[in-house]
Amino acid sequence: MILAIDIGNTNIVIGCTQQEKVHFVERISTDISKTELEYVVGFKTLFDLYHIKTEEITGCIIASVVPPLVNIIKASMKKLLRITPLIVGPGVKTGLNILMDNPAQIGADLIVNAVAALKYYGAPAVIIDMGTATTISVVDDKKNYVGGMILPGVRISLEALESRTSQLPRISLEAPKKVIGKNTIDCMKSGIVMGQAACLDGMIRRIREELGYPFHVIATGGLAGSIVPYCTEEVVCDNELTLKGLDIIYRKNTEASA
């Protein structure tokens with residue numbers, strides 16, 4: 001069983017994979033102030049919740065966009081599992097051909113998502129990851145990672161709206177019954193949920209016009225389930241995409257070195 005960890009700016013996504021099956025997907029808050037021991041306790045509690053013994057975990061892989069946390073989580077895994085995790089970064093085999101000005105600048109999570117999308121959905125593909133930021137990655141019909149976009153995340157947009165406007169209240173992230181709101185709260189919900197969905201629809205159409213051919217669209221991330229159902233374009237939600245990608249990369253590297 002492999003422990004896959006994706007460290008994001010807001011949440012850390014954790015899951016255990018075995019023979020391409022994801023046993024669970026959970027999220028804990030990203031907190032750079034926690035010590036390695038505090039993370040050990042948190043991970044141990046999660047394993048207990050799913051009745052997983054630490055000796056059942058034979059490998060670990062980490063992708064991160066929060067550099068200060070990498071060594072902390074790595075040390076906590078050494079302490080808890082007696083395993084040195086594989087860190088997604090330079091020198092790690094992914095099998096992905098990246099056609100970017102500076103491939104080293106691409107976030108590890110974007111690479112991992114693209115690897116999983118290629119295996120499970122095929123090329124060409126557009127991958128949407130809705131986390132702190134909303135990122136869109138494009139893999140062309142030749143299986144090359146050719147670029148993408150970075151947009152303000154859903155919660156960033158909502159928090160900016162709430163904090164910068166004195167008369168607007170805090171709201172929950174859910175869609176109103178109608179697009180045209182009849183009160184302040186429903187107007188805000190429509191703007192955030194329907195507006196974000198419309199933004200994704202528009203970006204998908206623009207990508208299609210630029211590429212000149214159809215593609216699969218896959219969405220992942222903690223907020224995808226709140227927005228994607230209101231898109232008019234066909235988008236598949238895959239909450240396990242990042243963990244699947246981490247599993248693929250782990251096996252690609254360990255099998256190659258075996």
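Student: What should I know before I start?
Tutor: Residues are numbered from 1 along each chain as its sequence is written. The model is predicted, so local features need pLDDT of at least 70, side-chain atom pairs count only at pLDDT 80 or more, totals for chains, interfaces and linings use all residues, and side-chain values use heavy atoms, without hydrogens and water.

Student: How do strands of a sheet pair?
Tutor: They pair through backbone hydrogen bonds, either parallel or antiparallel. Helices (H or I, at least four residues) and strands (E, at least two) are DSSP runs, numbered from the N terminus. Two strands pair if DSSP finds at least two bridges between them. Here, β7 (residues 125-130) and β8 pair antiparallel over six bridges. A hairpin through two residues joins them.

Student: What stands opposite Thr-135 in β9?
Tutor: Ile-150 does. Seven bridges join β8 to β9 (residues 144-152), again antiparallel. In their hairpin, Lys-143 takes a positive phi near 70°.

Student: Why is β8 largely enclosed?
Tutor: Buried means under 20% relative accessible area, exposed over 50%, partly exposed in between (1.4 Å probe, protein chains only). Six of the seven residues of β8 (residues 133-139) are buried, so the rest of the structure largely encloses this strand.

Student: What is the order of the open sheet?
Tutor: Its five strands run β3-β2-β1-β4-β5, with mixed pairing. The edge strands, β3 (21-29) and β5 (86-87), each pair on one side only. Strand β4 (residues 59-64) joins β5 in parallel by two bridges. Ile-61 has Leu-86 as its bridge partner in β5.
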